[in-house]
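This report describes selected local features of one protein chain. The sequence and the structure are shown first.

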Amino acid sequence: MVDANVFISIGNPGTAKHRRFRRVVRRAGVTLLVPARVEEEIEQGNVKPALERAQDEGWAKVITAPTVAHSKATTAQDIVRRAIASKSAEKDEHDVEKADPVFAGLAVEYILNEKQPENVTVITADRLAREAIETAITSLGYDDQVSTVTLWDLIDRDDDDITLI
């Protein structure tokens, strides 16, 4: 699964970051799952062409994410929310962005859903979100089945492109 901030960070087709990310994903032979809610954020971030190209080329797919219903999935969300709040000095737990905790919940939900894959990877451009998701996944015992990576783990941060977020 991929967060909107990844597409916003790589920019639209033609940027060096977009080309490098595209190359990494295609070489890995995976399809990025983009929850419909994230598609809306991508559109608001003015990088809809990046997602459209990824869909046209077959390395990204917009999905209707399952409802986070298992208690362990909702617990994962709660852990992420608390972890982000504790590392963000001025944020209350209830003021934490909703998307990051949802990715942890969805990852666990996919693992617990018998029809889904045995392994899930969450890709984000936010290091704090990655750490919080890892904390939740590890504390619930799913660290062998759920991986988290940042965009910067996949591509080099340095290039000549300037991306304003």
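Helices are DSSP runs of H or I with at least four residues, and they are numbered from the N terminus. The model discussed here is predicted.

**Helix α4 and the residue after it**

Helix α4 spans residues 48-57, and its buried residues are K48, A50, L51 and A54. These residues lie on the same side of α4 because they cover an arc of only 160 degrees around the axis. The elements against which the buried residues of α4 pack are the helices α1 (4-10), α2 (16-28) and α3 (36-44), together with the strands β1 (32-35) and β2 (60-63). Just after α4 comes G58, whose phi is positive, at about 85 degrees.

**A loop residue with positive phi**

The loop between α3 and α4 contains N46. Although N46 is not a glycine, its phi is positive, near 60 degrees.

**A lysine in helix α2**

Residue K17 belongs to helix α2. A polar atom of the K17 side chain lies 3.4 Å from the backbone oxygen of S9.

**Accessibility of K17 and N46**

Are K17 and N46 buried or exposed? A residue is called buried under 20% relative accessible area and exposed over 50%. The table gives the value for each residue.

| Residue | Relative accessible area | Class |
|---|---|---|
| K17 | 7% | buried |
| N46 | 60% | exposed |

With a relative accessible area of 7%, K17 therefore counts as buried. N46, with a relative accessible area of 60%, therefore counts as exposed.

Methods. Residues numbered from 1 in each chain as written. Predicted model: local features only at pLDDT ≥ 70, side-chain atom pairs only at ≥ 80, totals over all residues. Heavy atoms only, no water. Buried < 20%, exposed > 50% of the residue type's maximum accessible area, 1.4 Å probe, protein only. Helix = DSSP H or I, 4+ residues; strand = E, 2+ residues; numbered from the N terminus. Arc of directions from axis to C-beta. Contact = heavy atoms within 4.5 Å. Polar contact = N/O pair within 3.5 Å; in protein donor to acceptor, adjacent residues only side chain to side chain.
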